[in-house]
Amino acid sequence: MGIVILMKTIVILFFALILLPLFAVRAGDLSPIADVHLHYNWPHEEVLTIDDAIKRLKKNNVILAVISTTPPENALEFRKQAGNWVVPLFRPYLEPGQRHHWYRDPKVLAAARKGLASGKYKGIGEFHMISGLGINRKNRILHGLLKLGQEYDVPVSIHTEASSYKYFLPLCRQYPRVRFLWAHAGGILSAKQVGALMQQCPNVWVEFSARDNWRYLQTPITDKQGSLLEDWRKLVLKYPKRFMVGSDPVYPVDNLYYWSGEDSGWDKLG
């Protein structure tokens, strides 16, 4: 029941407070915001404290923050220091460097079940599925996580990077009781493709986290003035209660393990 209330709260916040700024972003707009895609990973620990991160969220008037971290324990510490307005998800990356092979770690499912059973984690994810690189949609650990999401009735944040929405479609169809939170509005996908999946899978919510020109230069969602492009605007208006926003403070994104410099994602939060 608590997760249902959480999802409704996020949707209401988005619909009432965020939808209008999406259409006409104003400089210095500090409307209350729900940020549904945050990380405080091990590289972030080297450049700012949790207290610093909390202050940046409050400065930007973030009143609800959904966070997943590597290692997953960081999310619990973040909530402990910030309070109940931070919602921690269990990320199946148990240690640094697991982004591309988490689905081969036999410890993931036991750790996920333990975390969800504790009641401390309120969902699963974000985890990555990259078409053609590694994980197969029949993977046992992947399906184990989705079954846990269904069993504990918690949202599942999934990042799919593929040339077609049909890569994700079989999963959201197979698990109609799982509430998926689709990161980055499908990544490189167009509004038409995202809309096609939303029509066929009513259990999928979409978040626009970091669909900026640094990450998705070839598939923008806004014009030079920051307003939604018309096809995206129409899609949001068609499903106004199924879109959310997030910041995803990880940068530079073209080199996730940036040994020659620091992760400056939180510097770009505003």
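## Salt bridges

In this predicted model, the side chains of Lys55 and Asp51 meet in a salt bridge, with N to O at 3.3 Å. Both residues sit in helix α3 (residues 50-59). They are 4 residues apart there, so about one helical turn separates them. Lys55 counts as exposed, because its relative accessibility of 52% is over the 50% cut-off. Asp51 is partly exposed, with a relative accessible area of 37%.

Helix α3 also holds Arg56. Arg56 forms a salt bridge with Asp267, and the closest N and O atoms are 2.8 Å apart. This pair links distant parts of the chain: Asp267 belongs to the segment after β8, 211 residues from Arg56. Asp267 is exposed at 52% relative accessible area. Arg56 counts as partly exposed at 28%.

Another salt bridge joins Asp153 and Arg179, with closest N and O atoms 2.7 Å apart. Asp153 lies in the loop between α6 and β5, and Arg179 in the loop between α7 and β6. The pair therefore ties together parts that are 26 residues apart in sequence. Asp153 is partly exposed, with a relative accessible area of 33%. Arg179 is buried, at 14%. The count of salt bridges comes to 6. Side chains of opposite charge can pair when their charged atoms come close.

## The parallel sheet

The order of the open sheet is β4-β5-β6-β7-β8. Its 5 strands pair in parallel. β4 (124-130) and β8 (243-244) stand at the edges. Each has a single partner strand, so one side of each is left without a neighbour in the sheet.

Phe127 has Ile158 in β5 as its bridge partner. From β4 the chain crosses through helix α6 (residues 140-151) to β5, and this β-α-β crossover is right-handed.

Next come β5 and strand β6 (residues 180-182), paired in the parallel sense over 3 bridges. Here Val156 has Phe180 in β6 as its bridge partner. The chain passes from β5 through helix α7 (residues 169-174) to β6, in a β-α-β crossover that is right-handed.

Strand β7 (residues 204-207) pairs with β8 in the parallel sense over 2 bridges. Val206 stands opposite Phe243 in β8.

## Burial of strand β5

Strand β5 (residues 156-161) is mostly covered, with 6 of its 6 residues buried. In a regular strand the side chains alternate between the two faces of the sheet. Both faces of β5 are covered. Val156, Ile158 and Thr160 are buried on one side. Ser157, His159 and Glu161 are buried on the other.

Ile158 is the bridge partner of Phe127. Val156 is paired with Phe180 in β6.

## Asp105 in its loop

Where does Asp105 lie? Asp105 is in the loop between β3 (86-88) and α5 (108-117). Is Asp105 buried or exposed? Asp105 counts as buried, because its relative accessibility of 6% is under the 20% cut-off.

Which backbone atom does the side chain of Asp105 reach? The side chain reaches the backbone nitrogen of Lys107, at 2.9 Å. With neighbours within four places in sequence left aside, Asp105 is in contact with Leu94, Gln98 and Ile141.

How values were computed:
Residues are numbered from 1 along each chain as its sequence is written. This is a predicted model: local features need pLDDT of at least 70, side-chain atom pairs count only at pLDDT 80 or more; totals for chains, interfaces and linings use all residues. Side-chain values use heavy atoms; hydrogens and water are left out. Buried means under 20% relative accessible area, exposed over 50%, partly exposed in between (1.4 Å probe, protein chains only). A polar contact is a pair of N or O atoms within 3.5 Å; within protein, one must be able to donate a hydrogen and the other to accept it, and residues adjacent in sequence count only if both atoms are side-chain atoms. Contact means heavy atoms within 4.5 Å. Two strands pair if DSSP finds at least two bridges between them. A crossover is right-handed if, with the strands pointing away from the viewer, the path from the first strand over the helix to the second runs clockwise. A salt bridge is a side-chain nitrogen of Lys or Arg within 4 Å of a carboxyl oxygen of Asp or Glu.
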